[in-house]
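This report asks how the parts of one protein chain are arranged. Please look at the sequence and the structure before reading on.

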Amino acid sequence: MAQGPVIVLTGTPGTGKSTHAELLVNESPLPLRAINVSEWVKEKGLYEKYDEEWQSYTVDEDRLLDELEPIVAEGGIILDWHSCEVFPERWPDLVVVLRCDHSKLWERLEKRGYPLKKIQENNEAEIMQVVLEEARSSYPSQIVIELQSETMEHLETNVARIVEWIKQWSANQEDS
């Protein structure tokens, strides 16, 4: 039996995934471990090449999934990544898509020092709801939720909502 739920926390870069994940690890009633998949890919060398123009890694998805499989099987994990469709449908118990107004997102990405081309691409992806559509087409609708992530109030409300979901998940596990 899983030690805790598998939560995929996704959204365009700059929507607050890592901040949400960190708070969830601290506030969850069950022990959770967060994996920032982008950092993990770099640390473990799970990429095919580095793209200088886009300043990003081309992920070796097969190796990534092979590495994550035993960790996900244990449960109690948050997968924090800007993409979600690579994860098998059977993995997540909950998929959280964080959304942010594109002008606020632009500011956040500028502060990170992203090149203009990368800011534009990510901004367009947010406007076109690319990550949300990816989540909706990859997982059952009842496990996909969309949350706004623009203010500290949103952050606190979102974390509280997910903590309540974790409590319900835990109660359901005990009942079955």
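The sections below treat the sheet, the nonpolar cores, the aromatic rings and one histidine of this predicted model.

## The sheet and the helices across it

Strands of a sheet pair through backbone hydrogen bonds, and the pairing may be parallel or antiparallel. In this model, 5 strands make up an open sheet with parallel pairing, and their order is S2-S5-S1-S6-S7. Its edge strands, S2 (33-36) and S7 (144-148), each pair on one side only. On average, neighbouring strands of the sheet are turned by 20 degrees against each other, direction ignored. The parallel strands S2 and S5 are joined by 4 bridges. Ala34 has Ile78 in S5 as its bridge partner.

Helices lie across these strands. Helix H1, residues 17-27, lies across S1, S2, S5 and S6, and runs at about 170 degrees to S5. Helix H3 lies across S1, S2 and S5, and its angle to S5 is about 155 degrees.

In soluble globular proteins, nonpolar side chains tend to be buried together. The largest nonpolar core here has 28 residues, and those that touch the most other members are Ile35, Val37, Leu64, Leu68, Leu79, Phe87 and Val95. Two or more residues of this core come from each of the strands S1 (6-11), S5 (77-81) and S6 (94-99), and likewise from each of the helices H2 (37-44), H3 (61-74) and H6 (130-138). H3 gives the largest share, 5 residues.

Apart from this core lies another one, of 18 residues, which includes Ala21, Leu30, Leu32 and Ile145.

## Phe87 and its surroundings

Which residues does Phe87 touch, not counting those up to four places away in sequence? They are Val8, Val37, Leu65, Leu68, Leu79, Trp81 and Tyr139. Is Phe87 buried or exposed? Its relative accessible area is 2%, and residues under 20% count as buried, so Phe87 is buried.

## Aromatic rings

A pair of aromatic rings is described by the distance of the centres and the angle of the planes. The model has 4 aromatic pairs. One of the pairs is formed by Trp81 and Phe87, with 6.0 Å from centre to centre and 50 degrees between the planes; this pair is tilted. Trp81 and Phe87 are both buried.

Why is the pair of Phe87 and Trp91 stacked? Planes under 30 degrees apart count as stacked. The ring centres of Phe87 and Trp91 are 5.8 Å apart and the planes stand at 25 degrees, so this pair is stacked. Trp91 counts as buried because its relative accessibility is 5%.

Elsewhere in the chain, ring pairs link Tyr47, Tyr50 and Tyr57 into a cluster. A ring can also have a charge over it: the charged end of Lys118 sits over the ring of Tyr114, at 4.6 Å from the ring centre.

## His154

His154 belongs to helix H7, which spans residues 152-175.

In sequence, His154 and Ser18 are 136 residues apart. In space, the C-alpha atoms of His154 and Ser18 are 14 Å apart.

Technical notes:
Residues are numbered from 1 along each chain as its sequence is written. This is a predicted model: local features need pLDDT of at least 70, side-chain atom pairs count only at pLDDT 80 or more; totals for chains, interfaces and linings use all residues. Side-chain values use heavy atoms; hydrogens and water are left out. A nonpolar core is a set of buried Ala, Val, Leu, Ile, Met, Phe, Trp, Tyr and Cys residues joined through side-chain atoms within 4.5 Å. Buried means under 20% relative accessible area, exposed over 50%, partly exposed in between (1.4 Å probe, protein chains only). Contact means heavy atoms within 4.5 Å. Two strands pair if DSSP finds at least two bridges between them. Axes are lines fitted to C-alpha atoms, for helices over the stretch in contact, and angles run from 0 to 180 degrees between N-to-C directions. Rings of Phe, Tyr and Trp (its six-membered ring) pair if their centres lie within 6.5 Å; planes under 30 degrees apart count as stacked, over 60 as edge-to-face and the rest as tilted. A charge sits over a ring if NZ of Lys or CZ of Arg is within 6 Å of the ring centre and within 35 degrees of the ring normal.
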